[in-house]
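Open the model in your viewer and keep the selection tool ready. This tour goes stop by stop, telling you what to select and what is there.

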Protein chains: 2
Amino acid sequence: MKPVTLKQIAEQLNISVTTVSKALKDYPDISNKTKGLVKELAKTLNYKPNSFAVNLRNKESKTIGLIIPEIVHHFFSNVIKGIVEQAEKKGFLVIILQSNESYELEKKQLDLLLSQRVDGILISLANGTADFKHLNEVIDQDKPIVMFDKIAKIVKCSKVIIDDRKAAYAATQHLIDIGCKRIAHFRGPLLPQNSIDRFLGYKKALLDNNLPYDPSLVYICDCGDTSFEDGKNTAKQLLEDHDDVDGIFINTDLVAIGAISEFNKLGVKIPEDISIVGFSNWFMSSVISPTLSTIDQPGYLMGKTAFKQLYKEIKKVKKDEPIIPKIIELNTKLIKRESTNLVLKN
Amino acid sequence: MKPVTLKQIAEQLNISVTTVSKALKDYPDISNKTKGLVKELAKTLNYKPNSFAVNLRNKESKTIGLIIPEIVHHFFSNVIKGIVEQAEKKGFLVIILQSNESYELEKKQLDLLLSQRVDGILISLANGTADFKHLNEVIDQDKPIVMFDKIAKIVKCSKVIIDDRKAAYAATQHLIDIGCKRIAHFRGPLLPQNSIDRFLGYKKALLDNNLPYDPSLVYICDCGDTSFEDGKNTAKQLLEDHDDVDGIFINTDLVAIGAISEFNKLGVKIPEDISIVGFSNWFMSSVISPTLSTIDQPGYLMGKTAFKQLYKEIKKVKKDEPIIPKIIELNTKLIKRESTNLVLKN
DNA sequence: ATTTAAAACGAAAACGATTTCGGTATGTAA
DNA sequence: TTACATACCGAAATCGTTTTCGTTTTAAAT
């Protein structure tokens, strides 16, 4: 019924708790005979060390915390998978928390994880996070923390990201290459770094190609729960505002899919009238009609990489060595599909 | 640097550890003055109770384990979200593990969670799980465990499910209602209960409507990583095998989407030539062309409900009361879309 | 038989919080 | 003055492991 303890094993064998503990951990000062007896009894009693006691002694939990803005999300769920799998390989368990894009929740959750004495933290910031005290607190406690995807450049910790600016540049350049002259941008919220960087990449591509940058062609989408609706609405708005746009670079596939949906409904031909490039390479993008050109964003790899970095830092801290923050940039890839499948315009 | 302990607070205030502990927990035998002092210092020192020590004393971790076959999955990620949100509300943390549809992994992970001394376990079984010893072990230890979606009827624990048979029946009946006479079924693997039940619902609907049941019209799809491809291949195979099929009830939306994709490519008209109903109501189903009729499966609610049930059982166990296993059935809904949008055939 | 080294085991202190059970004060009533 | 509450506080045991530092036992050497 109640879990077996070392003490019970010791009593049954008429030896001390110390000996039992040592036998199970193969200490050299225990005879093979005793080891055999102990291990056998431990197995038949189905002994499992009490992790609370072990953690208390060893001051480590073999557990990490993960804070993510949204679980139901193609990219993030891939990240989660990468983290969880890699963690298990190294004997770590993952506590998952969802910030719901809320700064307040994020703060509370970080605190929760600290109370829980996790060995390290992986976090992708909420859109609303503009203040970083809560993150710096973690760092001040020498608790390893690695940020991924949605990061704050200013915080001094390791980060795993993609080069959003470069990727956005490539996406926009692709639109230009197929002949687009008036390219709009559906960007994400104002705060998150990747949303900023994607916008900057878009802008730079325009300027480098001697195309005018027109702020009225830049629309803001929430990219949250309402992404799809956002895409539809923004697409409609765009048509009302401008009749000469021939290409759009969109911050997120889901928004892009909303836009495509709306354009399909309104009879706007893609890619003939308007060509579109999305971002993230959601599975859906390869299925929708027309299939969506996009930037492939390696979620699974990002999760895996983030955990690996965190793991290194956890080991460092255990050896009382200083953590040297590292910025790891993962490669993205432009995926050309039907939504930009066009011979040159004009 | 190192986390603050009760002892440090006690020393700074020249009082005992006992008093500090009691003050923080508002024991009546501590003066308000002392309480004030202690609480203030605790706050300025940013004291957080060491969860290992607390757990060790209290024999509870305020943590539950979640084992799920696949994280990157529309339905399951909704379940996860429901669980995580509800758990946090009740002050519980969730450790997430992915079995990858592997019985061996599932067994190992259950053991891990038991070692970790989680207060309860939520699990959706791997397809490969046909032996239930590992689950019964948990129950024998009086550790609450609630199964959801992919369950084993024979295991004596609470379960949160949908009535797969009824839902499948409704889906098939819908195909019949719009005039389909030769209805195929792409079923899931042989083992999981829901895959079996959906098949049975399909079969019963045929017989109840005096349509012959033809085993050669039932195809098995993996419904794993390769769902989409599976759908495409099976669709192609179906066309080769039978030229008279006019409707398909498909075990999973993703497989259905693969099938639609293939039919679109091959020029088979949906719903005119073949009508299709899927299962789960993945977001994608409302976006694909034609939009897919399907069964709405309440993932978020299922997660929420499963946690609530687990929570009740955890409280029961704490009060040394017996657990009475409960089976909770959630409602599904037939969603009619373009893939069955047809005036009667013939 | 005595010494010495090696092998095998255990006592006890930690880890940090909780809680029971007493022990001082202080004040009030007899 | 004594008796008795009441209000406050603390010592110590406990949870289950780990690990240090002895201690005992055994075997080998003198």
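**Stop 1: a salt bridge in chain B**

Select Asp197(B) and Arg165(B): their side chains meet in a salt bridge, 3.5 Å from N to O. A salt bridge here is a side-chain nitrogen of Lys or Arg within 4 Å of a carboxyl oxygen of Asp or Glu. The pair links distant parts of the chain, 32 residues apart: Asp197(B) sits in helix H9 (residues 193–208) of chain B, Arg165(B) in helix H8 (residues 164–177) of chain B. Helices (H or I, at least four residues) and strands (E, at least two) are DSSP runs, numbered from the N terminus. Asp197(B) is buried, at 9% relative accessible area. Arg165(B) is partly exposed, at 37%. Buried means under 20% relative accessible area, exposed over 50%, and partly exposed in between (1.4 Å probe, protein chains only).

A word on the model: it is predicted, local features need pLDDT of at least 70, side-chain atom pairs count only at pLDDT 80 or more, and totals for chains, interfaces and linings use all residues. Residues are numbered from 1 along each chain as its sequence is written, chains are lettered from A and ligands numbered from 1 in the order in which they are written, and side-chain values use heavy atoms, with hydrogens and water left out.

**Stop 2: charges in chain A**

Now select Glu262(A) and Lys265(A). They form a salt bridge, with the closest N and O atoms 4.0 Å apart. Both lie in helix H11 (residues 253–266) of chain A, three residues apart, so about one helical turn separates them. Lys265(A) is exposed, at 60%. Next, pick Asp26(A), Lys35(A) and Lys39(A): salt bridges that share partners join them into one network. Over all chains, a search of the whole structure finds 29 salt bridges.

**Stop 3: a bridge between chains**

Select Lys48(A) and Asp111(B). Their salt bridge has its closest N and O atoms 3.6 Å apart. Why does the pair join two chains? Lys48(A) lies in the loop between helix H3 (32–44) and helix H4 (51–58) of chain A, and Asp111(B) in helix H6 of chain B, so the pair joins two chains. Lys48(A) is buried, at 8% relative accessible area. Asp111(B) is partly exposed, at 33%.

**Stop 4: the interface**

Show both chains. The contact (heavy atoms within 4.5 Å) takes 53 residues from chain B and 52 residues from chain A. About 4800 Å² is buried between them, and carbon and sulfur atoms give 64% of that area. This buried area is the accessible area (1.4 Å probe) that two parts lose on being put together, summed over both. Four salt bridges are counted between chain B and chain A. On the chain B side, color the elements that give two or more residues, among them helix H5 (74–89) and strand E2 (93–98). H5(B) gives the most, with seven residues.

**Stop 5: the cores**

Finish inside. The largest nonpolar core has 144 residues, and Phe148(A) and Phe148(B) have the most contacts inside it. A nonpolar core is a set of buried Ala, Val, Leu, Ile, Met, Phe, Trp, Tyr and Cys residues joined through side-chain atoms within 4.5 Å. A second, separate core of 42 residues includes Leu93(A), Ile161(A), Ile67(B) and Leu135(B). Last, center on Phe148(A): the residues it touches include Leu66(A), Phe76(A), Val160(A) and Met302(A), not counting residues up to four places away in sequence.
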